[in-house]
Amino acid sequence: MEILIKKLKENAVLPTRGSVSAAGYDLYACLDSDSVTIKPNSNVKIGTGLSIAVPEGYFGAIFARSGLAAKENLRPANCVGVADSDYRGEYIVALHNDCDTERVVKNGDRIAQLVIMPFLSVEFKEVDELDETQRGAGGFGSTGKK
């Protein structure tokens, strides 16, 4: 599949993946300065300098990079970002610092990963009753109890 991408800033880096079997493509920080500091338990929006034309029937899912989350305690503030196929603005990642010390993101650092995913377009139909199931209305943790 070919994805059209536009550099909005000269120093933007096109997404890359770590191996030929990697599902996620790394997104890179494209800053106007050398670095940005993220204070403890706060968010900073970090641009990628890229606009991406995801094909209709797909969306761009923006996930945490496991190494960044595990080693630096940085993750997307919304946990998973959803970039719709009709969005043409800059891909921006709001990074959240989950630790009690400041974290620094440098220009060109890998900040998240992009996975192109299909989705189903549905219509919701309101009804008076739903079919019965074994689980029923059992909520959190209800399937693990005997």
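Predicted model: local features only at pLDDT ≥ 70, side-chain atom pairs only at ≥ 80, totals over all residues.
Contact means that heavy atoms lie within 4.5 Å. Residues are numbered from 1 along each chain as its sequence is written, and side-chain values use heavy atoms, with hydrogens and water left out.

**Exercise 1. Locate C99 and state which residues it contacts, leaving aside neighbours within four places in sequence.**

Step 1. C99 sits in the loop between strand 9 and strand 10 (103–106); helices (H or I, at least four residues) and strands (E, at least two) are DSSP runs numbered from the N terminus.

Step 2. With a relative accessible area of 9%, C99 is buried. Buried means under 20% relative accessible area, exposed over 50%, and partly exposed in between, for a 1.4 Å probe and protein chains only.

Step 3. The contacts of C99 are P40, N41, E72 and N73.

Step 4. K71 is 28 residues from C99 in sequence, and their C-alpha atoms are 11 Å apart.

**Exercise 2. Describe the backbone and setting of N73 and of C79.**

Step 1. Most residues other than glycine have a negative phi.

Step 2. N73 has a positive phi, near 60 degrees. It belongs to the loop between helix 1 (66–72) and strand 7 (74–76) and is partly exposed at 28% relative accessible area.

Step 3. C79 also has a positive phi, near 70 degrees. The loop between strand 7 and strand 8 holds C79, which is partly exposed at 48%.

**Exercise 3. Classify the two aromatic pairs of the structure.**

Step 1. Rings of Phe, Tyr and Trp (its six-membered ring) pair if their centres lie within 6.5 Å; planes under 30 degrees apart count as stacked, over 60 as edge-to-face and the rest as tilted.

Step 2. The ring centres of F59 and F119 are 6.4 Å apart and the planes stand at 65 degrees, so this pair is edge-to-face. Because F59 lies in strand 6 (58–63) and F119 in the segment after strand 11 (110–118), the pair ties together parts 60 residues apart in sequence. F59 is buried at 15% relative accessibility, while F119 is partly exposed at 42%.

Step 3. For Y87 and Y91 the centres are 6.0 Å apart and the planes at 40 degrees, so this pair is tilted. Y87 is partly exposed at 35%, and Y91 is buried at 2%.

**Exercise 4. Identify the residues that touch the most other members of the largest nonpolar core.**

Step 1. A nonpolar core is a set of buried Ala, Val, Leu, Ile, Met, Phe, Trp, Tyr and Cys residues joined through side-chain atoms within 4.5 Å.

Step 2. The largest such core has 19 residues, and I46 and V105 touch the most other members. Strand 4 (43–47), strand 9 and strand 11 each supply at least two residues of this core; strand 11 gives the largest share, three residues.

Step 3. Not counting residues up to four places away in sequence, the residues touched by I46 include Y91, V105 and I111.
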